[in-house]
Amino acid sequence: MLDTLFQQASHAGAAHATINAMHLRPAITASLRKHLEPEDFERVFSHYKSAQSLDVCGGKSRQKPLSLATRQRLFDRTRCIAARYDIATHICGCMNPDLTNEKCALDGEWPEEKAQESQMVLFHERH
């Protein structure tokens with residue numbers, strides 16, 4: 001899927017991409033538990049069970065990321081795929097301060113109003 005994503009992004013003119021992996025926060029964990037089948041939730045959650053919480057976003061939040069080694073492998077693989085399409089990748093340093101100090105916005109800091117937005121919804125309710 002990443003190959004197709006970067007291929008399409010390249011065709012659309014993208015030259016850079018910021019990459020990250022999902023970090024568990026209580027709201028994300030609750031949403032996944034609610035919307036995934038129990039065996040699917042356990043499969044996803046099993047990758048985070050031994051994770052150590054990490055201060056992210058300049059210490060404004062503590063979250064559970066994938067292990068450092070797992071994230072590094074994921075980012076290395078993603079960089080290789082993106083490079084096939086001449087797309088430079090940047091790791092989100094706000095969420096991965098143990099890996100990099102790169103900024104998540106390619107042009108520097110997020111605008112102040114962006115930093116104050118509320119948590120986005122991962123799944124919409126089905127009616």
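User: What counts as a helix here, and in which helix does alanine 9 lie?

Analyst: Helices are DSSP runs of H or I with at least four residues, and strands are runs of E with at least two, numbered from the N terminus. Alanine 9 lies in helix H1, which covers residues 2-11. This is a predicted model, in which local features need pLDDT of at least 70 and side-chain atom pairs count only at pLDDT 80 or more, while totals for chains, interfaces and linings use all residues. Residues are numbered from 1 along each chain as its sequence is written, and side-chain values use heavy atoms, with hydrogens and water left out.

User: Why is alanine 9 called partly exposed?

Analyst: Buried means under 20% relative accessible area, exposed means over 50%, and partly exposed lies in between (1.4 Å probe, protein chains only). Alanine 9 has a relative accessible area of 22%, so alanine 9 is partly exposed.

User: What does alanine 9 touch, not counting residues up to four places away in sequence?

Analyst: With contact meaning heavy atoms within 4.5 Å, alanine 9 touches Ala14 and Ile87.

User: How many disulfides does a search of the whole structure find?

Analyst: A disulfide is a pair of cysteine sulfur atoms within 2.5 Å. The search finds zero disulfides.

User: What makes the pair of phenylalanine 41 and phenylalanine 45 stacked, and how many aromatic pairs are there?

Analyst: Rings of Phe, Tyr and Trp (its six-membered ring) pair if their centres lie within 6.5 Å; planes under 30 degrees apart count as stacked, over 60 as edge-to-face and the rest as tilted. The count comes to one aromatic pair. The ring centres of phenylalanine 41 and phenylalanine 45 are 5.3 Å apart and their planes stand at 15 degrees, so the pair is stacked. These two residues are four residues apart in helix H3, and therefore about one helical turn separates them. Phenylalanine 41, at 4%, is buried, whereas phenylalanine 45, at 21%, is partly exposed.

User: How do you know that the buried residues of H2 line one face of the helix?

Analyst: In helix H2 (residues 26-35), the buried residues are Ile28, Thr29, Ser31 and Leu32. Down the axis of H2, they fall within an arc of 165 degrees, so they line one face; the arc is that of the directions from the helix axis to the C-beta atoms. They pack against helix H3 (38-45), while the face turned away carries the exposed residues Pro26 and Lys34.
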